[in-house]
Structure formats: C-alpha cells, structure tokens
Amino acid sequence: MNINLVSIPTATVPLDGAWYEPEGKARGAVLLFHGNSMNFYLGAPRFLPPVLTGMGYACLAFNRRGHDILGIRNSRAAEGAALQTYAEAISDNAIAAKWVAQRGFPHPVVIGHSNGGMLAVRHVAEHPSTPALVLLSAHCGGKNMLPLSSKAGLLAQDRLEEITRDAEERVRRARGKELMLLPGWWYVITAESFLDLANCPDILELAPRIACPTLYLRGDKELRDLYPAEEFARRAKGPCAVEIVPDCDHFYAGREEEIAGRVTRWLTHVLKLP
C-alpha cells in the first residue's frame with residue numbers, strides 16, 4: 001500500500017491523518033473514526049488499513065480536533081480531547097468525508113471505535129448512501145453515557161453530581177475554559193467540554209435511521225449497557241450483525257488480528273467482494 005500524511009483544513013486547527021491507497025485502482029474508500037482521546041496512529045485506525053487496502057480500499061485515518069487528551073501544535077495554545085465538543089467532532093467527520101469525496105469516493109464505508117463509533121452512527125444517519133457501517137465497541141451515547149461511564153469507574157466516577165456543580169459554577173463565572181481534574185479516564189477536561197457531554201448523540205435513538213448493513217463488535221469484557229450492540233441491532237432499520245469477541249477488552253489488546261479478520265470477512269460478504 002501507499003501511505004501519505006495529510007492535513008485537512010478546518011476553521012481552526014487542521015485534521016492530521018494518513019491516506020492509505022492500495023496498489024492499483026481502489027474499488028472504494030473507508031473512513032476511520034478514532035476513539036476518545038486516541039488518534040489516527042493507535043488502535044483500529046492503525047491496524048485496519050493494511051488489511052483494508054489489501055481488499056482494494058483506500059483508507060483515511062485522521063485526527064479529529066479532539067484527539068489525544070491535550071497537546072500543542074506550532075504554539076503553546078492547547079488542543080485535544082479535553083477541549084472538544086460534539087458539534088466540533090461531527091463537523092470534523094463531515095469535513096473528512098468531503099475530503100475523501102473530492103478524491104473520487106463520495107460514499108465511503110465508515111468504521112468507528114468507541115466514541116468514534118458513536119460518532120459514526122451520527123455521521124451515517126446524515127449520509128444514507130453509506131454502503132456499510134462497522135461499529136467497534138461504539139458506546140451508547142445520549143443521556144445515559146455519562147452516568148454509565150462514571151458508574152463503570154470512568155470520567156467522574158462516584159463524584160458526578162459534585163463535578164457537574166463545579167463545572168456549572170465555572171461556566172457561570174465565565175471560567176468555562178479552565179481545566180478540571182477528573183478521577184477517572186480521561187482525567188482532565190474543561191468545564192465547557194464536561195457539560196457538553198450532555199449533547200452526546202444517542203445511538204439507540206439514531207438506529208432507526210441506519211439502513212445500511214452494520215457490523216457491531218463488542219469484547220466479552222465490556223459492559224452490555226454501555227455498548228448496546230443487541231439493542232442497536234433490534235432498532236436498526238437495516239440488517240445489523242452482532243459479534244461478541246471472546247477474551248477481548250475495549251482496546252482489543254492482543255486481539256487485533258481477530259478483529260481485523262472479523263471486519264474483513266463481514267465486509268467481503270456484505271459488499272459482495274471476490
């Protein structure tokens with residue numbers, strides 16, 4: 001495969017990523033959405049492109065503006081997941097899709113991991129010509145995401161009410177861009193970004209708008225309520241295959257080959273590839 005680093009302009013900082021192309025003419029393209037506080041060179045956006053290009057598909061793996069937790073670029077101005085909003089993330093995915101369309105692929109396959117999976121559902125709901133959707137441990141989103149995640153030991157843990165009040169007070173005092181510490185992953189966030197979690201799209205509400213074939217994978221070590229594959233499949237407008245991967249955590253550590261195999265077998269079937 002051929003790999004080129006790319007930088008896609010936005011209204012603020014660009015979306016950095018990698019454009020993978022197969023040898024010869026590509027039969028289609030894939031958009032890869034990374035998980036929360038991750039990036040285009042970790043996890044599924046890293047281990048899937050080699051097998052997808054082997055199937056003849058070009059792949060764009062890219063950083064949303066809310067990548068990693070915190071970082072800087074060419075100044076000391078901070079960027080990253082601690083400052084992200086869902087409106088920005090949804091816009092980033094649309095910008096990336098337009099970039100791929102300008103290269104001759106107006107209807108790419110969409111694959112998203114975790115928070116990227118939730119965002120993939122939101123994206124595909126707005127792009128009904130998407131040929132196939134792969135959800136890798138997509139979280140539920142919606143109003144239940146924050147309390148479920150906190151109960152599972154992430155984000156606010158057992159201090160959700162306290163931290164919510166703190167964030168609301170900071171915003172009221174025009175200090176919404178101040179960083180707050182969280183007891184659980186991802187450990188640090190601005191008050192504005194914490195309160196924006198209430199705007200998280202709900203994948204179960206969006207499921208009736210998803211008509212394309214969908215594969216929803218979940219590791220057997222993950223919580224069913226937080227990653228509701230079975231309920232999504234029940235509500236989806238189109239066919240949805242659910243696969244629970246044995247001996248598998250949220251990040252697919254040591255199970256990358258298994259995940260890649262399941263994804264490629266399913267895509268080969270639903271896209272009727274040789």
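**Exercise 1.** Find the salt bridge partner of Glu178 and state which network the pair belongs to.

*Solution.* Step 1: apply the rule that a salt bridge is a side-chain nitrogen of Lys or Arg within 4 Å of a carboxyl oxygen of Asp or Glu. Glu178 forms such a bridge with Arg175, with 2.9 Å between the closest N and O atoms. Step 2: follow the shared partners. Salt bridges join Asp166, Arg170, Arg175 and Glu178 into one network. Step 3: classify the exposure, where buried means under 20% relative accessible area, exposed over 50%, and partly exposed in between (1.4 Å probe, protein chains only). Glu178 is partly exposed at 30%, and Arg175 is partly exposed at 35%.

The model is predicted: local features need pLDDT of at least 70, side-chain atom pairs count only at pLDDT 80 or more, and totals for chains, interfaces and linings use all residues. Residues are numbered from 1 along each chain as its sequence is written, and side-chain values use heavy atoms, with hydrogens and water left out.

**Exercise 2.** Determine which parts of the chain the salt bridge between Arg73 and Asp16 links.

*Solution.* Step 1: check the contact. The side chains of Arg73 and Asp16 meet at 2.8 Å, N to O. Arg73 is in the loop between strand E4 (57-62) and helix H3 (86-101), while Asp16 is in strand E2 (residues 15-21). The pair links distant parts of the chain, 57 residues apart.

**Exercise 3.** Describe the geometry of the aromatic pair Trp19 and Trp99, and what surrounds the pair.

*Solution.* Step 1: recall that rings of Phe, Tyr and Trp (its six-membered ring) pair if their centres lie within 6.5 Å; planes under 30 degrees apart are stacked, over 60 edge-to-face, and the rest tilted. Trp19 and Trp99 are 5.2 Å apart, centre to centre, with 85 degrees between the planes, and the pair is edge-to-face. Step 2: locate the rings. Trp19 lies in strand E2 and Trp99 in helix H3, so the pair ties together parts 80 residues apart in sequence. Both are buried. Trp19, Trp99 and Phe105 form one aromatic cluster. Arg103 lies over the face of Trp99, 3.7 Å from the ring centre (the rule asks for NZ of Lys or CZ of Arg within 6 Å of the ring centre and within 35 degrees of the ring normal).

Terms used
Helix = DSSP H or I, 4+ residues; strand = E, 2+ residues; numbered from the N terminus.
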